[in-house]
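Visitor: I have a structure open and would like to learn how to read it. Could you walk me through a few of its features?

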Amino acid sequence: MSKVAIMFPGQGSQKVGMAQDLYQNEINATSVLDRANESLSFDLLDIMFNDPEELLGLTEYTQPALLTHSSALMNALNEFNYDYALGHSLGEYSALVSEGVLKFEDAVQIVHKRGTLMSEAFPQGVGSMAAVLGLNIDEVRAICEQLSTDDELIEPANINCPGQIVVSGHATLIDKLVAEGKSLGAKRVMPLKVSGPFHSSMMKTIADDFEAYINQFEWNDAKHPIVQNVYAKPETDHKIIKENMVKQLFSPVEYSQSIEYLIEQGVDHFIEIGPNKVLSGLVKKINRDVKITSIQTIDDIKGWNE
């Protein structure tokens with residue numbers, strides 16, 4: 001029997017104007033978008049719709065924007081049957097909301113705090129990330145071990161799909177990998193526009209502060225299993241989920257392994273809920289035979305609900 005998984009995108013999927021069509025045309029989405037603004041001390045909707053001060057690309061604003069867009073879409077969809085949920089990095093919080101682990105109002109505050117801690121963890125220029133194309137995970141790990149020293153490190157951060165692995169660490173080593181990537185065997189190494197070494201062990205520096213912050217909120221067991229980034233296995237127990245959301249800060253995102261696990265469990269339809277089609281593209285590179293649906297706009301919702 002075929003199974004369905006819903007998936008939520010993370011940073012990199014944001015765009016100016018995101019969710020504006022939902023706000024103007026879909027009452028169930030509008031209520032979520034308004035609740036986001038009521039839960040935060042700044043005008044998130046103005047940033048999402050217009051971005052007059054060019055804040056949308058800053059992680060402390062990107063994260064609540066993406067969570068809000070995905071949650072608004074989910075709230076506007078008629079109830080439908082699915083078997084699993086997952087998200088990519090920040091997108092895992094959208095999965096937590098969809099599965100009732102966190103209330104939306106709490107989650108939007110948590111991801112704003114998460115983004116703030118992540119952006120302030122190190123001075124600008126200390127840490128960075130890059131996408132390595134054309135190598136497998138063992139080859140990337142070997143290169144990272146070769147480049148790392150006692151004082152500086154570089155590590156796999158996002159294992160996205162075959163031939164696309166993001167690394168994270170000290171900016172000096174990221175720059176070196178970008179410069180020498182082809183000679184080390186990579187097809188290409190692309191620096192990413194990020195403010196820190198996310199999903200590397202360097203981010204352990206903020207783990208205690210983040211854990212203390214999220215402990216003030218109520219966490220519930222998940223309605224459907226959430227395949228978590230840190231070990232690509234399904235979980236419903238809220239205590240374990242919360243522990244893994246702290247670990248997620250400084251652990252690799254095992255996205256490719258998560259998709260492969262779901263396919264092994266019989267999932268043959270993946271539904272991406274959020275702006276753009278980043279995750280849909282990754283799933284296609286992992287397995288071209290599965291069905292993929294993208295829900296981004298009011299038209300997508302109308303087509304689905306009909």
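**Reading the loops, helices and core**

Guide: Gladly! Let's start in a loop: Asn-276 sits between β9 (267–273) and α12 (278–286). Keep in mind that this is a predicted model.

Visitor: What is the phi of Asn-276, and how should I read it?

Guide: The general idea first: most residues other than glycine have a negative phi. Asn-276 has a phi near 65 degrees, a positive value in a residue other than glycine. With a relative accessibility of 24%, Asn-276 counts as partly exposed.

Visitor: How far apart in space are Pro-52 and Val-16?

Guide: Their C-alpha atoms are 9.7 Å apart, while in sequence the two residues are separated by 36 residues.

Visitor: Now the helices. How do I describe a pair that packs together?

Guide: Two packed helices are described by the angle between their axes and the distance between the axes. Take α4 and α6: their axes are 7 Å apart and the helices pack at an angle of about 155 degrees. The pair is therefore roughly antiparallel, since angles over 145 degrees count that way. The crossing of α4 and α6 is right-handed.

Visitor: Which residues of α4 and α6 make the contact?

Guide: From α4, the residues include Gln-63, Pro-64, Leu-67 and Ser-71, and from α6 they include Phe-104, Val-108, Val-111 and Gly-115. By class, the contact has seven nonpolar, eight polar and two charged residues.

Visitor: At what angle do the axes of α6 and α9 cross?

Guide: The axes of α6 (residues 104–120) and α9 (residues 207–214) cross at roughly 165 degrees and come within 11 Å. So α6 is roughly antiparallel to α9, and their crossing is right-handed. On the α6 side you will find Gln-109, Ile-110, Lys-113, Arg-114 and Leu-117, which meet Asp-209, Phe-210, Tyr-213 and Ile-214 of α9. These residues divide into five nonpolar, one polar and three charged.

Visitor: Is helix α5 mostly covered or mostly open?

Guide: Mostly covered: in α5 (residues 91–98), eight of eight residues are buried. Among them are Glu-92, Tyr-93, Leu-96 and Val-97. Just after α5, Gly-100 takes a positive phi of about 75 degrees.

Visitor: Which residues touch the most other members of the largest nonpolar core?

Guide: In soluble globular proteins, nonpolar side chains tend to be buried together. Here the largest nonpolar core has 70 residues, and Tyr-93 and Trp-219 touch the most other members. Helix α4 (residues 59–76) supplies the largest share of this core, with eight residues.

Visitor: What does Tyr-93 touch, leaving aside residues up to four places away in sequence?

Guide: Tyr-93 touches Leu-67, Leu-102, Ile-110, Val-111, Arg-114, Phe-210, Met-245 and Gln-248. You have met some of these names already: Leu-67 and Val-111 belong to the contact between α4 and α6, while Ile-110 and Phe-210 take part in the meeting of α6 with α9. A second, separate core of 17 residues includes Leu-86, Val-267, Val-283 and Ile-286.

Methods. Residues numbered from 1 in each chain as written. Predicted model: local features only at pLDDT ≥ 70, side-chain atom pairs only at ≥ 80, totals over all residues. Heavy atoms only, no water. Axes fitted to C-alpha atoms, helices over the stretch in contact; angles between N-to-C directions. Helix = DSSP H or I, 4+ residues; strand = E, 2+ residues; numbered from the N terminus. Parallel < 35°, antiparallel > 145°, perpendicular 65-115°, else oblique. Left-handed = near helix turned anticlockwise from the far one by under 90°. Contact = heavy atoms within 4.5 Å. Nonpolar A, V, L, I, M, F, W, Y, C, P; charged D, E, K, R; others polar. Core = buried A, V, L, I, M, F, W, Y, C linked by side-chain atoms within 4.5 Å. Buried < 20%, exposed > 50% of the residue type's maximum accessible area, 1.4 Å probe, protein only.
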